[in-house]
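Here is a friendly set of notes to read alongside the model. Please keep the structure open as you go through the points.

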Amino acid sequence: HDERVQWWRDARFGMFIHWGLYSLPAGEWKGKEVKGYSEHLMRKEKITRTAYLDLAHVFNPVKFNAEEWILTAKNAGMRYFIITAKHHDGFAMYDSKVSDFNVVKQTPFKRDPMAELATAAKKHGMKFGFYYSHAFDWEHPDAPGNDWEYQNPGGDKLIGGANWFDNHPEWLPKAVKYVDEKAIPQIKELINKYHPDIIWFDTPHKLPLSENIKILKAIRDTDPNIVVNGRLARSSSGNFGDYVNTGDRPAELLTVAGDSEAIPTTNESYGYSKHDKSHKSARFFIQLLANSASRGGNLLMNIGPKGDGTFDQKDKQILDSIGGWLKQNGAA
Ligand code: JFZ
């Protein structure tokens with residue numbers, strides 16, 4: 001374990017990216033503002049799989065430039081880069097043979113941005129990996145989360161949110177089917193195709209521990225060197241990943257000792273939202289970085305790029321200031 005996480009411990013500062021079909025409507029649906037996390041659009045607006053695919057049919061981020069993204073992270077002083085290969089909407093932002101619900105098959109863009117980023121990261125010595133939503137998958141007819149189209153468990157209302165499997169074990173076979181048919185095959189696909197250094201998981205309480213452990217075992221069997229974050233599998237006795245994640249609120253950063261990682265976003269939403277103007281200052285992030293580094297923790301700072309493939313000007317300015325400060329102080 002120590003050998004596996006050494007690069008991550010040394011890295012200290014990384015870029016987190018939430019980018020998907022939701023980046024295009026960017027917190028707006030049918031002319032009205034959708035508050036909160038823009039990447040939760042499908043759930044908030046109860047969009048069907050078919051209607052969500054209409055978004056894919058107009059997703060064409062021709063300004064996307066993988067090398068520019070990696071260099072932007074590098075210039076900000078970041079040493080690792082983690083991007084949403086699949087968020088809760090279930091849409092694969094890579095060329096997946098496991099599911100047609102993917103960027104190459106469904107968009108006019110037709111390119112594989114994960115492949116381009118993996119190549120650019122390697123070229124520039126940036127550690128690289130994926131966010132993969134292993135529990136929630138709103139497009140899949142058997143996965144936890146979608147209770148507006150499929151009436152699956154784990155959503156907001158029908159069959160209890162977190163830990164639904166305790167009260168409704170009869171729904172378990174469905175979730176297991178999804179894990180076996182989509183989640184594990186896609187995770188293996190990501191490992192074998194792109195050789196990531198790290199995979200970042202989320203919302204473990206939407207699957208029973210046994211399923212989460214099964215996923216962890218599949219990862220270790222495929223490549224034992226992959227770093228896994230603390231949100232893949234959790235029980236009362238702790239988490240089964242390589243380190244601990246604090247909550248999304250940066251303040252929690254200061255309460256955890258040991259290998260930990262905070263994941264603040266520049267504003268409130270992780271995915272790009274054109275209405276979210278709550279950006280924190282560069283000064284705020286520099287202080288946070290100094291605080292976390294002095295305690296031996298990592299800062300994985302989130303950016304939500306736009307649906308056209310570019311970074312928001314506000315985010316760019318924050319990143320430039322952080323990079324400038326680090327260079328001035330001989331830290332990057
Ligand atoms: C999750 C996702 O639902 C969200 O879209 C984003 O990807 C974020 C990074 O992770 O949301 C969470 C998960 C955990 C907490 C808060 C939001 N938490 O522990 O406080």
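1. Let us begin with strand E12 (298-303). Both of its faces are covered: Asn298, Leu300 and Asn302 on one side, and Leu299, Met301 and Ile303 on the other, are all buried. Buried here means under 20% relative accessible area, exposed means over 50%, and partly exposed is in between, with a 1.4 Å probe and protein chains only. Strands (E, at least two residues) and helices (H or I, at least four) are DSSP runs, numbered from the N terminus.

2. A word on what you are looking at. This is a predicted model, in which local features need pLDDT of at least 70 and side-chain atom pairs count only at pLDDT 80 or more, while totals for chains, interfaces and linings use all residues. Residues are numbered from 1 along each chain as its sequence is written, and side-chain values use heavy atoms, with hydrogens and water left out.

3. Which strands form the open sheet, and in what order? There are eight, in the order E7-E6-E5-E4-E1-E12-E11-E10, and the pairing is parallel. Two strands pair if DSSP finds at least two bridges between them. Strand E7 (227-228) and strand E10 (244-245) stand at the edges with a single partner strand each, so one side of each has no neighbour in the sheet.

4. Now for the pairings around E12. E1 and E12 are joined in the parallel sense over five bridges, and Phe13 has Leu299 of E12 as its bridge partner. Strand E11 (residues 260-262) also runs parallel to E12, joined by two bridges, with Ala262 opposite Leu299. E11 pairs with E10 as well, again in the parallel sense and over two bridges; there, Asn245 has Glu261 in E11 as its bridge partner.

5. Ala282, Phe285, Ile286, Leu288, Leu289 and Ser292 of H10 are buried. Seen down the helix axis, these buried residues fall within an arc of 165°, so they line one face of H10; the arc is that of the directions from the helix axis to the C-beta atoms.

6. What covers that buried face? The cover includes strand E1 (13-17), strand E12 (298-303) and helix H11 (313-328), where contact means heavy atoms within 4.5 Å. On the other side of H10, Arg283 and Ser294 are exposed. After the helix comes Gly296, whose phi is positive, near 80°.

7. The largest nonpolar core has 84 residues, and those with the most contacts inside it are Met15, Ile17, Trp69, Phe81, Ile83, Leu117 and Ile219. Such a core is a set of buried Ala, Val, Leu, Ile, Met, Phe, Trp, Tyr and Cys residues joined through side-chain atoms within 4.5 Å. Helix H8 (residues 172-194) gives the largest share of this core, nine residues. A second, separate core of 15 residues includes Ala11, Val227, Ile263 and Tyr270.

8. Which residues does Ile219 touch? Leaving aside residues up to four places away in sequence, Ile219 touches Ile187, Ile191, Phe201, Pro224, Ile226, Val228 and Leu232.

9. On to the aromatic pairs, of which the count is 21. Rings of Phe, Tyr and Trp (its six-membered ring) pair if their centres lie within 6.5 Å; planes under 30 degrees apart count as stacked, over 60 as edge-to-face and the rest as tilted. Phe81 and Phe128 are a stacked pair, 6.1 Å centre to centre with 20° between the planes. This pair links distant parts of the chain, with Phe81 in strand E4 (residues 80-86) and Phe128 in strand E5 (residues 127-132), 47 residues apart. Both Phe81 and Phe128 are buried.

10. Phe284 and Phe285 form an edge-to-face pair, 5.2 Å centre to centre with 90° between the planes. Phe284 is partly exposed, at 30% relative accessibility, whereas Phe285 is buried, at 1%. Elsewhere, ring pairs link Trp19, Phe59, Phe64, Trp69, Phe109 and Phe311 into a cluster.
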